Amino acid sequence: MPYRRTANVVRRLAARRAAIVAAARETASEGGMAAVQIAAVAQRAGIAAGTVYRYFPGKTDLVAALLAEISDAEIAALRRAAAVAPGPISALSAAIMTFGARALRNRRLSFAATAEPIDAELEAARLSFRQALTGEFSARIAAAAAGGHLPEQDATLAGSALVGLLIEALIGPLAPPAAGRERAVLQSLTLIALRALGVADARARGLVVQTVVGDQ
């Protein structure tokens, strides 16, 4: 009779896998994706390297799982922030500021997940994250335009441009220091983004001041 895992075994395996990915996340937060090595992650998780290999055959598999988890968490945070906003243009502003706040909270990890030089075989996983971000922002832009809050425009192109703006201005090599003035940086960048999308200056300033940043 074939062996069937009990519910307790399934939960234990899922918890162990989650702990490994969490250890990989902590490692990447300190040293980037290049630091995510099986031995280092195993040591941080307090397990043998062989145990990590049972869940992830190699580093590529582990980093891909980490990128997928980061993507899911970031997209979920943007959606929660947008869901409680009073309208589509407020939802867009909330999504922008929430992404920015979370990126500034851990710039090293955010850079590793979006822009750090990475092994060629992992580019697809990271591209998937950037595409998810673009899709989320594009949907917010399209909704705001449909409601008459933004000029008619190519929402996909605008979403791509917005993602590039946020990454370069917040966590890229050219990003200015933000320590101690995070709120001012977020407001300034959101104002730039809203203006670029076609929001009148007075309206854009009002939105930025009123925007509530989602969970961080």
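A salt bridge here is a side-chain nitrogen of Lys or Arg within 4 Å of a carboxyl oxygen of Asp or Glu. By that rule, the count comes to ten salt bridges. The model is a predicted one, so local features need pLDDT of at least 70 and side-chain atom pairs count only at pLDDT 80 or more, while totals for chains, interfaces and linings use all residues. Residues are numbered from 1 along each chain as its sequence is written, and side-chain values use heavy atoms, with hydrogens and water left out.

Start with helix 1 (residues 7-31) and helix 4 (residues 59-83), whose axes come within 10 Å and cross at roughly 85°. Helices (H or I, at least four residues) are DSSP runs, numbered from the N terminus. Axes are lines fitted to C-alpha atoms, for helices over the stretch in contact, with angles running from 0 to 180 degrees between N-to-C directions. Helix 1 is therefore roughly perpendicular to helix 4, a label for angles of 65 to 115 degrees. On the helix 1 side, the contact (heavy atoms within 4.5 Å) is made by Arg17, Ile20, Val21, Ala24, Arg25 and Ala28; helix 4 brings Leu62, Ala65, Leu66, Glu69 and Ile70. These residues divide into eight nonpolar, no polar and three charged. Nonpolar covers Ala, Val, Leu, Ile, Met, Phe, Trp, Tyr, Cys and Pro, charged covers Asp, Glu, Lys and Arg, and the others, Gly among them, are polar.

Side chains of opposite charge can pair when their charged atoms come close. Glu69 and Arg25 form a salt bridge, with their closest N and O atoms 3.9 Å apart. Glu69 sits in helix 4 and Arg25 in helix 1, so the pair ties together parts that are 44 residues apart in sequence. Glu69 is partly exposed at 32% relative accessible area, and Arg25 is also partly exposed, at 23%. Buried means under 20%, exposed over 50% and partly exposed in between (1.4 Å probe, protein chains only).

Glu136 belongs to helix 7 (residues 123-146) and Arg79 to helix 4, so parts 57 residues apart in sequence are tied together. Glu136 is buried at 6% relative accessibility, whereas Arg79 is partly exposed at 48%. Ser71, also found in helix 4, is buried with a relative accessible area of 10%. Leaving aside residues up to four places away in sequence, Ser71 touches Phe129 and Ala132.

Definitions and conventions
Helices (H or I, at least four residues) and strands (E, at least two) are DSSP runs, numbered from the N terminus. Angles under 35 degrees count as roughly parallel, over 145 as roughly antiparallel, 65 to 115 as roughly perpendicular and the rest as oblique.
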